[in-house]
Amino acid sequence: MEDYSVVEGAQEGDAFLLIGDKVFDNEDKFKYIVDLSDEWKRLTNMPMVFAVWIAREGTDPEVLDALEGALTLGVERIWEAIVEEGHEDKPFAYEYLTERLDFLFDHQKHKALELFWEKGQKFVPHANPG
């Protein structure tokens with residue numbers, strides 16, 4: 001979803017799942033805010049894994065090197081990205097991206113992702129909302 005204007009017209013009882021910068025742009029518009037990462041940590045005492053970069057076995061090593069290089073470059077240049085994007089509260093954005101997010105996929109995060117997958121496979125919706 002690229003057009004977030006629907007959030008501007010939120011009515012009583014509406015709910016939205018916002019991820020990334022759109023959270024910071026819209027969090028003052030809602031009575032209740034739930035941070036999925038905080039809730040997952042509270043329920044499981046494990047970190048939340050929102051995304052991972054993976055490659056199939058046999059992927060060209062040059063592609064793997066390029067992905068690793070892109071990740072390293074991005075992590076090393078967080079401040080520059082914040083400035084380039086024009087965030088109003090640069091210190092908050094920097095703190096969030098360097099202290100609340102962790103870009104290392106370690107054993108604990110792997111176990112958390114396995115648990116998330118296991119719990120998700122057990123979920124069966126009662127109705128098709130679409």
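How many aromatic pairs does the structure hold? This predicted model holds four aromatic pairs.

W40 and F116 form an edge-to-face aromatic pair, with 5.5 Å from centre to centre and 70° between the planes. The two residues are 76 residues apart, and their pair links distant parts of the chain. W40 belongs to helix 3 (residues 36–44), while F116 belongs to helix 7 (residues 107–122).

The partners can also be described by their accessibility. W40 has a relative accessible area of 11% and is therefore buried, since buried means under 20%. F116, at 42% relative accessibility, counts as partly exposed.

## The pair of W79 and Y94

W79 and Y94 also form an edge-to-face aromatic pair; the centres are 5.7 Å apart and the angle between the planes is 75°. Because W79 lies in helix 5 (residues 78–85) and Y94 in helix 6 (residues 90–100), the pair ties together parts that are 15 residues apart in sequence.

Both partners count as partly exposed: W79 has a relative accessibility of 39%, and Y94 has one of 36%.

## The second largest pocket

The second largest pocket contains about 260 Å³ of space. Ten residues line this pocket, and F24, D25, H87, E88 and D89 are those nearest its centre.

Helix 2 gives the most, with three residues.

Note on methods: Residues are numbered from 1 along each chain as its sequence is written. This is a predicted model: local features need pLDDT of at least 70, side-chain atom pairs count only at pLDDT 80 or more; totals for chains, interfaces and linings use all residues. Side-chain values use heavy atoms; hydrogens and water are left out. Rings of Phe, Tyr and Trp (its six-membered ring) pair if their centres lie within 6.5 Å; planes under 30 degrees apart count as stacked, over 60 as edge-to-face and the rest as tilted. Helices (H or I, at least four residues) and strands (E, at least two) are DSSP runs, numbered from the N terminus. Buried means under 20% relative accessible area, exposed over 50%, partly exposed in between (1.4 Å probe, protein chains only). On a 1 Å grid over the protein atoms alone, a cavity is a set of points where a 1.4 Å probe fits but cannot get out, and a pocket is an open set with protein on both sides within 12 Å along at least five of seven lines; lining residues have an atom within 4 Å of a point. Grid points are joined across faces, edges and corners, and a volume is the space filled by probe spheres set on the points.
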